[in-house]
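Thanks for coming. I have one structure to go through today, so let me put it on the screen.

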Amino acid sequence: MLERTSDLHDDKAATGAAATPSAAGAAAGMPFDLAAPADIATNRKNMALLVQLRWIAVIGQIATIGFVQFWMGVALPLLPLAAVISGLVALNVVSLLWLRYRADINNRELLVALALDVAALTALLYLSGGATNPFTSLYLLQVTLGAVLLDAPSTWSLVALVCMNFAWLTSYYRPLELPQQGFADAFNLYIAGTFIGLVLDAVLLVVFMTRINRNLRDRDLRLAALRQHAAEQDHIVRIGLLASGAAHELGTPLASLSVILGDWRRMPALASDPEMSQDLGEMEISVQRCKSIVTGILLSAGEARGEGSSPTTVTAFLTALVEEWRTTRPSATLYFRNACGADLAIVSDIALKQAIFNVLDNAAEVSRDWIELTAERNADTLVLSVTDRGPGFSREMLAHIGKPYQSTKGSPGSGLGLFLVVNVVRKLGGVVTARNRPDIGAAVRLELPLSTLAIGDHLDG
């Protein structure tokens with residue numbers, strides 16, 4: 001499936017870039033099942049923020065009740081108030097367990113959590129003066145959070161609930177009996193309480209709205225990355241269909257050429273000419289190479305990855321790969337250094353082989369006299385590095401490593417080589433990075449987790 005495009009190198013620059021999945025948005029659409037995980041993760045974070053806000057409310061309520069009861073001397077129904085606060089504590093404990101063991105949090109559950117907070121606030125206000133309590137302004141905190149966290153119908157439901165509760169508190173509540181000494185001016189006391197409630201509203205809104213907005217920005221970045229990934233996958237599918245169709249079309253003429261070359265080799269006039277025999281041999285090798293590439297394209301475009309896979313080891317896989325590449329490209333000089341240490345049984349994946357071939361082909365395009373392939377093992381990661389002595393990457397190329405059609409050749413279809421390499425390696429859970437070497441040339445690094453290649457669960461030699 002990987003085309004032999006040689007589009008990696010441009011003018012030399014001294015920077016490096018990693019070809020990891022981009023968080024930039026894409027114009028392509030995204031299926032609903034890709035957006036759902038990002039929304040669920042954001043809802044979980046927002047539910048955790050509501051739990052934190054509830055803890056702050058519990059602490060603030062206890063402090064306020066203690067201040068009013070013991071410093072101001074206002075008689076409060078401590079046992080009912082303690083029961084409401086205990087209910088909030090129990091709700092928080094249940095919410096924490098819920099967050100730990102429940103995989104998804106949806107809009108309805110956020111609405112239920114906010115509605116319970118409104119009910120608890122209403123109960124506390126009922127026990128401490130009802131609508132005459134200046135802390136009724138805290139209702140606005142719940143409404144604002146609902147407007148940010150919930151969809152429109154749920155938000156209006158919360159608004160209706162708050163309005164009904166406030167209207168109920170205007171008629172049904174337990175009056176506060178203020179002491180006669182020290183609080184003769186009830187209006188000034190109400191203004192002071194309103195000021196404190198406003199400050200609490202403002203501070204909590206700034207703190208929690210900032211954190212909620214950060215969660216929403218993180219969600220948008222995840223959604224953008226998912227859209228980008230979906231667009232790339234769609235691009236790869238279309239390339240695979242084109243490659244598969246081209247491979248089928250090329251099969252017939254390649255078979256005809258193979259038959260004709262075999263007939264020519266058996267002709268006495270041609271067989272007796274050493275120079276012609278050598279040319280025929282090279283032509284047959286080239287035809288066989290083309291047939292092998294066509295077969296690889298068809299296997300890579302197949303549904304089952306196992307169709308093109310076979311058991312091998314890291315050393316055997318890389319050694320056979322290097323030998324095949326040297327045979328088909330005799331004019332290039334490739335040095336291979338195996339520093340993997342103990343050998344490991346892996347699955348030989350034809351898509352990975354094609355990806356490594358692509359990187360080597362790109363290096364050979366600009367540095368035919370010297371190319372080095374180094375294989376190392378870093379913990380449970382196989383690291384393959386391809387270095388050359390070419391002109392290196394331009395800054396623009398480094399900034400768009402792994403993007404389709406990033407090439408300076410200007411020919412139609414160029415710029416897909418590294419794009420397909422990045423996606424093959426990413427499918428295996430790895431990452432591709434590219435950089436310019438300090439002196440001359442460039443280096444492309446493929447990091448592959450051995451857990452996706454190894455046979456069995458053990459990564460020991």
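By class, how many residues in the lining of the largest pocket are nonpolar, polar and charged? Before I answer, note that this is a predicted model. The count is 31 nonpolar, nine polar and two charged residues.

Staying with that pocket, the space in it comes to about 1,200 Å³. Its lining has 42 residues, and those nearest the centre are Thr64, Val68, Asn133, Pro134 and Phe135. Five helices each supply at least two lining residues: helix 1, at 32-71, helix 2, helix 3, at 107-126, helix 4, at 139-149, and helix 6, at 186-265. The most comes from helix 1, which gives eleven residues.

Next, helix 2. It runs over residues 78-101, which makes 24 residues.

Now the record. UniProt, in an unreviewed entry, places "transmembrane region" at residues 53-72, 78-98, 110-128, 157-175 and 187-209. I will take two of these against the model. Over residues 78-98 the chain is 100% helix and 0% strand, with 30 Å between the end C-alpha atoms. Over residues 157-175 the chain is 68% helix, again with 0% strand, and the end C-alpha atoms are 29 Å apart.

That is what I have; questions are welcome.

Terms used
Residues are numbered from 1 along each chain as its sequence is written. This is a predicted model: local features need pLDDT of at least 70, side-chain atom pairs count only at pLDDT 80 or more; totals for chains, interfaces and linings use all residues. Side-chain values use heavy atoms; hydrogens and water are left out. Helices (H or I, at least four residues) and strands (E, at least two) are DSSP runs, numbered from the N terminus. The expected span of a helix is 1.5 Å times one less than its number of residues. On a 1 Å grid over the protein atoms alone, a cavity is a set of points where a 1.4 Å probe fits but cannot get out, and a pocket is an open set with protein on both sides within 12 Å along at least five of seven lines; lining residues have an atom within 4 Å of a point. Grid points are joined across faces, edges and corners, and a volume is the space filled by probe spheres set on the points. Ala, Val, Leu, Ile, Met, Phe, Trp, Tyr, Cys and Pro count as nonpolar, Asp, Glu, Lys and Arg as charged, and the others, Gly among them, as polar. UniProt positions are given in the numbering used here, feature names are shortened, and annotations may be inferred rather than shown by experiment.
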